[in-house]
Amino acid sequence: GAKRLVFHARGESGGEEVSFSFGLIGPEKKYFDTAKRSLNKVKLTKDWQRFEIKLDDLKSSENLTRIKTGFVWTVAGSGQPIVFYLDDVRWE
């Protein structure tokens, strides 16, 4: 019954670029994620921001019955550390 994945994030300095997603395990695996979505290359600010991954556009072949990878973040290597903060990650 979830309608969205919601979370708050901010960067330590501002300008940090982070991608957020769920559902990484593909159908080639025995126990795969039955849906996946992402927010790619989000530029964070120093202030807390609310982000939302909506789930109201699921295809007929997708559902939320088996989400094994519930929340993921990735960053691209930039030759220096990236510091960012997450809070209040939840499925609503």
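A salt bridge is a side-chain nitrogen of Lys or Arg within 4 Å of a carboxyl oxygen of Asp or Glu. This is a predicted model, in which local features need pLDDT of at least 70, side-chain atom pairs count only at pLDDT 80 or more, and totals for chains, interfaces and linings use all residues. Residues are numbered from 1 along each chain as its sequence is written, and side-chain values use heavy atoms, with hydrogens and water left out.

Reader: How many salt bridges does a search of the whole structure find?
Author: One of them pairs R50 with E52 at 3.0 Å, N to O. The search of the whole structure gives a total of seven.

Reader: Which residue forms a salt bridge with K43?
Author: K43 lies in strand β3 (residues 37-43), and its partner is 26 residues away in strand β2 (residues 17-22); strands are DSSP runs of E, at least two residues, numbered from the N terminus. The closest N and O atoms are 4.0 Å apart, and the partner is E17.

Reader: Is K43 buried or exposed?
Author: Buried means under 20% relative accessible area, exposed over 50%, and partly exposed in between (1.4 Å probe, protein chains only). K43 has 55% relative accessibility, so this residue counts as exposed.

Reader: What is the relative accessible area of E52?
Author: R50, its salt-bridge partner, is partly exposed at 45%. E52 is also partly exposed, at 24%.

Reader: Which residues do salt bridges that share partners join into one network?
Author: D88 and R90 form a salt bridge, with the closest N and O atoms 2.6 Å apart. Through shared partners, the network consists of R4, D88, R90 and E92.

Methods
Helix = DSSP H or I, 4+ residues; strand = E, 2+ residues; numbered from the N terminus.
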